[in-house]
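Please open the structure in your viewer and keep the selection tool at hand.

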Amino acid sequence: MVVAEVGVKVSRLESIVEQIGEAVLATTETIERLAERVDSLSTQVQEQGKQLQQQGYQILALCDAVQTLAEIQDDSLQKLTQLTQTLDRLMTLIEGS
């Protein structure tokens, strides 16, 4: 009878060890899948960071272009004002003649 009880206990221990082993394997697989997912997300974040940096450079270039355009517009306006004043004086001279 003692041998039978020992056999039952050994069988239970074997079952428990088997369940622990299965749980460890399942946990390991889950951790591996999570690690792969984290790697994938990390890659996506890096790519988005690069895109964001590129967009930042494009915005800076656009700001420079707009500033240059505004400066050219201001210069053109000053020249146009001078031209208008010159034409006014010319018209005054012509009308005075």
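Select E47 and K50 first: their side chains meet in a salt bridge, with 3.8 Å from N to O. The term salt bridge denotes a side-chain nitrogen of Lys or Arg within 4 Å of a carboxyl oxygen of Asp or Glu. Both residues lie in helix α1, 3 residues apart, which is about one turn of the helix. E47 is partly exposed, with a relative accessible area of 40%, whereas K50 counts as exposed at 52%. Here, buried means under 20% relative accessible area, exposed means over 50%, and partly exposed lies in between (1.4 Å probe, protein chains only).

The model is a predicted one: local features need pLDDT of at least 70 and side-chain atom pairs count only at pLDDT 80 or more, while totals for chains, interfaces and linings use all residues. Residues are numbered from 1 along each chain as its sequence is written, and side-chain values use heavy atoms, with hydrogens and water left out.

Next, select D75 and K79. Their side chains also meet in a salt bridge, with 3.4 Å from N to O. D75 and K79 are 4 residues apart in helix α1 and are therefore separated by about one helical turn. D75 counts as partly exposed at 34% relative accessibility, and K79 is exposed at 52%. How many salt bridges does a search of the whole structure find? The search finds 2.

Now select E29, E32, E36 and D39. These residues gather in a patch of negative charge on the surface. Patches are made of residues with over 30% relative accessible area and no salt bridge; like charges are joined within 9 Å, and nonpolar side chains (Val, Leu, Ile, Met, Phe, Trp, Tyr) within 5 Å. Asp and Glu count as negative and Lys and Arg as positive, while His and the chain ends are not counted. The place of a charge is taken as NZ of Lys, CZ of Arg, CG of Asp or CD of Glu.

For a patch of another kind, select L77, L80, L83, L87, L90, M91 and I94. Together they make a nonpolar surface patch of about 680 Å². Accessible areas come from the Shrake-Rupley method with a 1.4 Å probe; for residues, only the protein chains shown count as cover. M91 is found in helix α1 and is partly exposed at 43% relative accessibility.

Select R37 and A70 to follow the chain over a distance. The two residues are 33 residues apart along the chain, and their C-alpha atoms are separated by 49 Å. R37 is found in helix α1 and is partly exposed, with a relative accessible area of 46%.

Finally, display the whole chain. It has 1 helix and 0 strands; these are DSSP runs (helices H or I, at least four residues; strands E, at least two), numbered from the N terminus. The radius of gyration is 41 Å, well over the 13 Å that the globule rule gives for 97 residues, so the chain is more spread out than a compact globule. This radius is taken over C-alpha atoms, and the globule rule is 2.2 Å times the number of residues to the power 0.38. Along the principal axes, the C-alpha atoms fill a box of roughly 140 × 15 × 10 Å. Buried residues make up 0% of the 97 residues.
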